[in-house]
Amino acid sequence: MSARAGMERDRDTIFALASGRPPAGLAVVRISGPRTRLVLETTLGAVPPARRAAYRAIRAPGGETIDRGVVLFFEGPASYTGEDSAELHLHGGRAVVAATLAILGDLPGLRPATAGEFTRRAFDNGRLDLTAVEAVADLVAAETDAQRRQALRQLDGGLAEVAGDWRRRLLHARALIEAELDFADEDDVPDSAAAAVWADMAQLSADLGKVLAGGRVGERIRDGFEIAILGPPNAGKSSLLNALAGRDVAIVTDVPGTTRDLLEVHLDLGGFAVTLVDTAGLRETTETVEAEGIRRAKARAADADLVLWLADAGQPPPADLHGSETDAGSGPLWIIGTKRDLDSDSKRDSPAARLDHRISAQTGAGLDSLVAALTAHVAGLVPAEPALVTRARHRLCLQAAKTAIDAAVANGAAPLEVRAEGLRQAGEALGELIGRIDVEDVLGAIFSEFCVGK
Ligand SMILES: Nc1nc2c(ncn2[C@@H]2O[C@H](COP(=O)(O)OP(=O)(O)OP(=O)(O)O)[C@@H](O)[C@H]2O)c(=O)[nH]1
Ligand SMILES: [Mg+2]
C-alpha cells in the first residue's frame, strides 16, 4: 500500500462490536473517525451532547427502529482514539447487533475496524504510548489478579514515566555536550558541565541497571511462572497434572513412557498465572519419539522457575538429582514422593526424609499442602516493588540504552562527538521503548538552558 493510500485508509470511519459475542445483556458498538457525527445524525436523528449518556432510538435509513439504547459521543481529540468517536450500547441480541452493523457498513466512508485499529489510532494520535498500547492488550488478556494489576500499572504509565524521565536526563546531557562542542569559546557554558554530565550518566546507567536487575519477574507475571514436572516413567507425573488441573488433560496409563510431548496446564495460584508442564518420563531409550520427548523435557526444565521431581515413594530418587541427571538448570527442585496411598509402613519411613512432599494423585492426599507450598513459592519470587519491565521488548530496549551509556561513560579518551553519539543512541533506544523516536530536541534544550544566543 502506498503512503497515500495508507493515509486515506486512516481517514475512514471505522466501527466494530467492542463487547463479547452475542447473545449477551448488552452489546457495545464502537465508532471512530471523521464521519462519526454524520453516523449519529443518520441513525439517531441528531448528535447527542458530548460525553453525556443519551437514551435514543437507533434507526435504519428507512426509518425503522432497530433498538433503543444508551449512546455516548466523544468529541476528538478528547476520546480514546483522539478522533470523534461514539459508543452505541444496545441490547446484546444477535439480530440487534447484526442489523446495526449492517446499517453502519452501508453508510458511505464507513468500514469494519481491523484488529486493534481503535488502539492503533490512539497511538498514532499520541493518546497512548507504546507501553500503554501493550498494557491495553495485557489488560484485556489478563486472567489473574497479578496480571491485571501489572497491566493497569503499565497503562497508567509505570515504565513510560520513568523512561521519559531518563530521556530528559539524556537530552540534558547531550545539550550540555553540544553546547561545549558548538560554543566552546563562549563564557556562558559552565566549565564543570562535562564532569557533571558523565557523573549523571553513570548514575543513569546505575538506575537502568536497578530496573533491569528486577529480572524477568514482570515478564513472568505476564506470561506465567513455569513449573515443570519431571521424573522417571510411570512416576505419576501426568496424574498430578490432571489432579491439579481438575480435568483429564493428559493420558494416564500404567505403560511406562505414556507421555511424549510437553503438556501444559494454566493455573491461577494465589493470583499468579502459572504454567504447569507435564513431561516425558526420563530414562535411557533408543526409541526416537521418546528420546525427543525426553530432550524437550530437559530443555523445558532448564527454563522453569521450579522443577518438581516426582518419584514413586518406593524408588528413592537418584542421589545426583541436582546435577546432570535432570539437567534442571540452577532453579530450585523439589522432590515429591507419589502414590502415597500404596506406601507400606516400611516404605513410608525410609525415603520420606528426603522428600519435600508426599502425595497421592489418586486419593488427593497431600495435594492441598503441595498447592499451598507452590503458591507460597511463586509469591516469594515476586518482590514487593512492582516490576517495570513486563516484556522482553522492554528489557532489550533498556539493555541497549544502558550498553550505549556505559560505553560513552567508559570511553573517556574518545572525542566528545563520539561519546555524544553513544548518548544519542541510548536516547533512541528509550524512544523506541515508548514508540516515539522524535528527532533532535537538543537545540531547543540548549537554548532553554543557556543564554548562548547573546
Ligand atoms: N495407586 C496410585 N496409582 C497412581 C497414582 N498416581 C498415578 N498412579 C498410576 O501410576 C501409573 C502411571 O501414572 P502416570 O500419571 O501416567 O505416570 P507418568 O509419570 O505420567 O508416566 P509417563 O508418562 O509414562 O512418564 C498409572 O497407572 C496411574 O494410574 C497414585 O497416586 N496412586
Ligand atoms: Mg505421563
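Student: At which residues does UniProt place the feature "binding site"?

Tutor: This is a predicted model, in which local features need pLDDT of at least 70, side-chain atom pairs count only at pLDDT 80 or more, and totals for chains, interfaces and linings use all residues. Residues are numbered from 1 along each chain as its sequence is written, ligands are numbered from 1 in the order in which they are written, and side-chain values use heavy atoms, with hydrogens and water left out. In that numbering, which the UniProt positions also follow, with annotations that may be inferred rather than shown by experiment, the unreviewed entry places the feature at Arg-30, Glu-87, Arg-127 and Lys-454.

Student: Is Glu-87 buried or exposed?

Tutor: Glu-87 lies in strand E5 (residues 85-92), strands being DSSP runs of at least two E residues and helices runs of at least four H or I, numbered from the N terminus. Buried means under 20% relative accessible area, exposed over 50% and partly exposed in between, with a 1.4 Å probe and protein chains only. Because its relative accessibility is 19%, Glu-87 counts as buried.

Student: Which two residues coordinate the magnesium ion (ligand 2)?

Tutor: Donors are N, O and S atoms within 2.8 Å of the metal (3.2 Å for Na, K and Ca), and since water is not among the atoms, sites may look incomplete. The magnesium ion is coordinated at 2.0 Å by Ser-238 (OG) and Thr-259 (OG1). Ser-238 lies in helix H10 (residues 237-245) and Thr-259 in the loop between H10 and strand E8 (263-269), so parts 21 residues apart in sequence are tied together by the pair. Both residues are buried, and the names asked for are Ser-238 and Thr-259.
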